Amino acid sequence: MTPLVGTRALVRLGVRRDRIMLPIWVYVLAGLSIITAISFNQLYPTLVSRLPFAIAVLQNHGLLALTGPPFNLTSIGGLTAWRLGGTAGVLIGLMNIFAVVRHTRAEEETGRLELIGAGVVGRHAPLAAALTIALVTDLLIGVVIGVGMLAAGQPAAGSFAFGLSLAVVGAAFAGIAAVAAQLTQTARAANGLASTVLGAAFLLRAIGDSATSSGLSWLHWLSPIGWGQQVRPYADERWWVLALPLACAVVAIWLAAVLVARRDFGAGLFPDRPGPSDAGTTLRGPFSLALRLQRGTLLGWLAGFAILGGVLGGIAQDMSGLVNSSQQLREIVAKLGAGGDVVDSFLSAMMGILGLLSAVFTVQAVLRL
């Protein structure tokens, strides 16, 4: 029996289980790109109207940290790639992490993979099936984005460069998630480890893109998300940069395949630490137990909100010039923030988004308990 026997059957099973979740990811990522392009075309229909906006963006380091480097803000495609490059990179990274861990470590943790492995299933088949599902979905997202942007009237080269840049970023994090699934013993730990790498990649990219004069701009070359943006869709496309996240994916997948054959089934290379024999005073009640179970997630969310708050504060300082570049944008921000000062309206609108993000933590906390 070869190590990959049974892969095709596990792929069919995985696609059936994810027949609702994966199409939603494709719809959201592709639809977000097309809607953003249409919105920019309505806000800045002419080159003259885009120039003040481009100047305001280049002067706002907080915005550059949040979105990424602008390579061509004079075209609708360039505006879309700038606005979504970093955000969509994080989203497609999360999709790959959740999909790969769901079909590997989570299946081992629940015991389902042991039952399946009792049949004619090779040692590498579950990992290969999970990666196949994730990588095919990445490619589908890239193609749909390219076709959608092409249908929106954008150049073909830039459209497919934009779609493929996101697809290869997703492939890199699929490989990273596969390695994380071999290192830990639980799906929660694997998701946490891979998500930490994703957060570090976004932070490196943000520091590198906002540090225009401090000599740290090279940091974005250490991030898969930064690699995707350095493809420069709708500008002077750098097709060779696509090889960097692809190489990262290949190396990570190879490492995961080596590790899965060298560990015990159900175990991780990083064993769980044994706890103390007796509970301390801080663990002798339901509230303290809940806090102990949530402390890692809580600290991660607090750190994320602190960083996001700093970025939004930096953006707000230069928001007046950014909003004044378009009459329609001024009206939108005023409606979202219930009128008043531009900065106050912007921060008020951001509070609504932060409220949605905090609800995600609430859902996670309740499900954990």
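The residues lining the second largest cavity divide into 8 nonpolar, 2 polar and 2 charged, where Ala, Val, Leu, Ile, Met, Phe, Trp, Tyr, Cys and Pro count as nonpolar, Asp, Glu, Lys and Arg as charged, and the others, Gly among them, as polar. The model is predicted, so that local features need pLDDT of at least 70 and side-chain atom pairs count only at pLDDT 80 or more, while totals for chains, interfaces and linings use all residues. Residues are numbered from 1 along each chain as its sequence is written, and side-chain values use heavy atoms, with hydrogens and water left out.

A cavity is a set of points, on a 1 Å grid over the protein atoms alone, where a 1.4 Å probe fits but cannot get out; lining residues have an atom within 4 Å of a point. Grid points are joined across faces, edges and corners, and a volume is the space filled by probe spheres set on the points. By this rule there are 2 cavities of 30 Å³ or more.

The second largest cavity, of about 120 Å³, is lined by L10, L13, G14, R17, H103, E107, L113, I116, P126, A129, A130 and I133. Two or more of these residues come from each of α1 (7-17), α7 (112-117) and α8 (125-151), helices being DSSP runs of H or I of at least four residues, numbered from the N terminus.

The largest cavity has a volume of about 160 Å³. Its lining comprises 16 residues, with A81, G85, G228, Q229 and P233 nearest the centre. At least two lining residues are supplied by each of α5 (76-103), α9 (156-183) and α11 (224-229), and α5 gives the most, with 5 residues. The lining of the largest cavity holds 9 nonpolar, 7 polar and no charged residues.

Terms used. 1 Å grid on protein atoms, 1.4 Å probe; cavity = no way out; pocket = protein on both sides within 12 Å on 5 of 7 lines; lining within 4 Å.
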